[in-house]
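Hi everyone, thanks for coming. Please have a look at the picture with me, and then we'll walk through a few parts of it together.

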Amino acid sequence: MQPERTESPNVSRRWRTALSGLGPILGLIALCIAGTLLNPDFATVDNLMNVLTRTAFIGIIAVGMTFVIMSGGIDLSVGSMAALIAGSMILFMNSLGAGGHPATLVVALGMGLSLVLGAAFGCAHGLLITKGRVEPFIVTLGTLGIFRAFLTWFADGGALTLDGELSDRYSPVYYASLLGVPIPVWIFAAVAVAGGVLLNRTAFGRHVQAIGSNEQVARYAAIRVDLVKVLTYMLLGLCVGIATLLYVPRLGSASPTTGLLWELEAIAAVVVGGTALKGGEGRLVGTVVGAILLSVISNILNLTSIISVYLNAAVQGGVIIVVAFLQRGRR
Amino acid sequence: MKSLIRVVGAGVLALSACTIFAAEKVTLGVAIPTATHGFTGGIVWWANQAKKDLEKAHPGLKIIVKTAGSAPEQANQLQDLLTVNKINALVIFPFESASLTKPVAQVKGKGVYVTVVDRGLTDTSAQDAYVAGDNTAFGKLPAEYLAKRLNGKGNIVMLRGMPTTLDNERYNAFMGVMKQHPDIKVLDAKYGNWNRDDAFKVTQDYLTRFKQIDAVWAADDDMAVGVLKAIDQAKRTDIKEVFGGAGAKGMVKTILDGKDKRIQADVSYSPKFIYDAIKLTAEARLKGEKLPATTIIPSVLITKENAKQFYFPDSPF
């Protein structure tokens with residue numbers, strides 16, 4: 001064995017790994033340059049804040065989704081879950097508000113309910129998957145239908161709307177800014193940082209990665225696989241709860257179209273960001289960049305009219321594939 | 001077959017006026033899409049309302065309402081209605097035009113009287129009657145209204161629904177009127193998918209892109225909600241008019257109360273037309289009569305003066 005020979009593929013592999021890690025970021029930078037060239041308004045602070053604020057929902061969910069996917073699972077129900085939580089919150093707050101409780105308290109309780117429901121739904125998923133031994137794909141496909149059906153039933157097919165005063169009291173949670181940056185962006189950043197620490201600096205994070213790489217080996221290593229899995233789904237549910245409590249004040253309503261296709265956007269953000277769909281490895285930074293990238297694409301398409309609106313979805317699909325191509329070679 | 005029934009029906013009518021109601025029992029199947037957004041929610045509500053009202057008024061009438069989540073499901077329901085429920089009249093709001101034409105034609109071939117609502121079939125010989133809202137007026141009335149309010153001069157942005165023939169009809173009607181007003185610039189038209197969230201995002205981007213907008217044609221009351229929120233957030237005061245469409249109860253209430261000066265008018269395209277279609281079909285069939293080949297439920301401009309007659313607080317839409 002000659003050392004040079006073993007070293008050179010190593011070096012090139014390291015290079016490729018580093019480059020593939022940069023894939024989504026390079027894609028995002030390229031998109032931003034393209035956006036600025038197409039419409040100078042793209043590069044304004046206001047537009048940047050708009051894009052980041054609307055990314056917050058999908059981004060926060062995608063952070064939780066990273067854990068689930070990395071442990072080898074999947075959750076298809078997040079969009080429907082968000083819709084049902086939004087609807088339940090509104091019904092709950094309206095009934096409390098009608099009882100004459102102070103609006104601030106009602107809003108705080110509503111936000112609490114959102115987190116509790118998210119964690120509870122996630123826990124139910126986790127238990128069905130681990131104790132019930134049903135494939136995560138099937139469990140969450142089932143709840144995808146169940147959650148949305150219940151919301152539609154609550155709303156009678158129409159929209160559930162938050163009462164006037166509550167809506168006014170609640171709206172700063174979405175619309176207000178701190179140091180010029182909207183609240184949802186702050187929360188998105190906080191969730192992303194917390195997720196990063198949890199994934200890379202704690203035993204739980206390492207266990208998640210170990211289970212995703214090889215569940216059997218993880219079991220032999222005395223990792224409590226079932227518990228960790230249930231916790232990943234609860235974490236995702238909690239993230240959905242956080243996203244929903246930011247979403248409700250935006251329009252003050254929930255309808256059967258709320259959260260439609262969020263699951264695909266969140267999964268796409270995770271995978272575009274470089275997390276392997278089969279589990280085991282991934283990066284939280286990639287997920288955040290992936291989520292931003294997805295909303296930048298539609299933002300640019302809205303800011304220009306060079307191509308027919310009929311082709312918008314094709315552009316989105318094309319960009320996603322190109323970015324995934326940039327980070328190939330990590331399987 | 002159908003004419004045979006009518007001959008028999010007429011014969012019975014001639015023989016004895018007392019027995020006709022017993023003989024001419026009508027079992028009417030209603031096939032509609034499930035409630036997935038405000039408008040279809042309204043369709044389901046009005047269909048059930050029709051069942052309640054009409055079955056009470058006519059003892060010889062039975063109405064069966066089926067909702068479907070997809071075109072194949074609706075086709076299966078048609079077969080069930082025919083073989084299990086033995087319907088002799090059908091009111092259908094087709095999930096899709098093309099894929100339901102054959103299944104409906106089969107039902108009609110078995111002697112069932114078919115009324116098609118809203119989305120026309122690709123082969124009109126598969127239906128006996130067609131009842132629809134007026135999509136041309138849905139686009140034309142807001143265009144004329146906005147042109148008048150802007151005194152024939154200004155910038156308009158618009159939102160579209162989803163890529164469908166129905167949306168194209170509305171869009172073309174709107175643009176047709178705008179051609180006569182060369183000083184009104186239509187800046188752009190993007191899809192908001194008939195939902196509040198997408199309309200919110202598209203409007204945010206319009207506001208970033210265009211510094212002077214005089215009016216927004218939101219083309220749907222749900223989308224108008226998202227449009228208004230986005231304008232409020234950007235604190236823009238240049239937009240004088242926001243025009244929705246369909247006459248959802250929240251929007252009609254806003255007009256009625258004068259709550260928002262940007263919302264002064266709307267155009268009716270009420271899901272109530274399913275109620276009208278069921279009523280017309282049931283009553284005609286009870287008498288053994290036919291409906292005219294095409295019935296268009298007119299779309300009218302809703303303003304503060306007439307808003308009251310379009311306000312249905314119990315309907316979910």
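Let me begin with a question: which strands of chain B does helix 11 lie across? Before I answer, please keep in mind that this is a predicted model.

So, find helix 11 of chain B, residues 273–286. Helix 11 lies across strand 1, strand 2, strand 3, strand 4, strand 5 and strand 11 of chain B. Its direction runs at about 160 degrees to strand 1 of chain B.

Now let's look at the sheet itself. In chain B, six strands form an open sheet, and their order is 2-1-3-4-5-11, with parallel pairing. Who stands at the edges? Strand 2 (61–68) and strand 11 (294–297) of chain B do, and because each has a single partner strand, one side of each is left without a neighbour in the sheet. On average, neighbouring strands of this sheet are turned by 15 degrees against each other, ignoring direction.

Let's zoom in on one pair. Strand 1 of chain B, residues 26–33, runs parallel to strand 2 of chain B, and eight bridges join the two. As one example to find on your screen, B:Pro33 stands opposite B:Ala68 in strand 2 of chain B. Another helix packs on the sheet here: helix 4 of chain B, residues 71–83, touches strand 1, strand 2 and strand 3 of chain B. The direction of helix 4 makes about 155 degrees with that of strand 2 of chain B.

Let's step back to the whole of chain B. The chain is divided into domain 1 (2–133 + 271–298) and domain 2 (135–267). The C-alpha centres of these two domains of chain B lie 34 Å apart. Where they touch, six residues of domain 1 of chain B are in contact with eight residues of domain 2 of chain B. On the domain 1 side, we have two nonpolar, three polar and one charged residues.

Finally, over to chain A. Helix 3 (residues 78–98) and helix 5 (residues 136–154) of chain A pack at an angle of about 30 degrees, with their axes 8 Å apart. With the cut-off for roughly parallel at under 35 degrees, that angle makes helix 3 of chain A roughly parallel to helix 5 of chain A. The crossing of helix 3 and helix 5 of chain A is left-handed. Which residues meet there? Among them are A:Leu84 and A:Leu91 from helix 3 of chain A, and A:Phe147 and A:Arg148 from helix 5 of chain A. By class, the residues of this contact divide into nine nonpolar, two polar and one charged.

Methods:
Residues are numbered from 1 along each chain as its sequence is written. Chains are lettered from A and ligands numbered from 1 in the order in which they are written. This is a predicted model: local features need pLDDT of at least 70, side-chain atom pairs count only at pLDDT 80 or more; totals for chains, interfaces and linings use all residues. Axes are lines fitted to C-alpha atoms, for helices over the stretch in contact, and angles run from 0 to 180 degrees between N-to-C directions. Helices (H or I, at least four residues) and strands (E, at least two) are DSSP runs, numbered from the N terminus. Angles under 35 degrees count as roughly parallel, over 145 as roughly antiparallel, 65 to 115 as roughly perpendicular and the rest as oblique. A crossing is left-handed if the near helix is turned anticlockwise from the far one by less than a right angle, and right-handed if clockwise. Two residues are in contact if their C-beta atoms, placed from the backbone, lie within 7 Å. Ala, Val, Leu, Ile, Met, Phe, Trp, Tyr, Cys and Pro count as nonpolar, Asp, Glu, Lys and Arg as charged, and the others, Gly among them, as polar. Domain bounds come from an automatic or database domain assignment. Two strands pair if DSSP finds at least two bridges between them.
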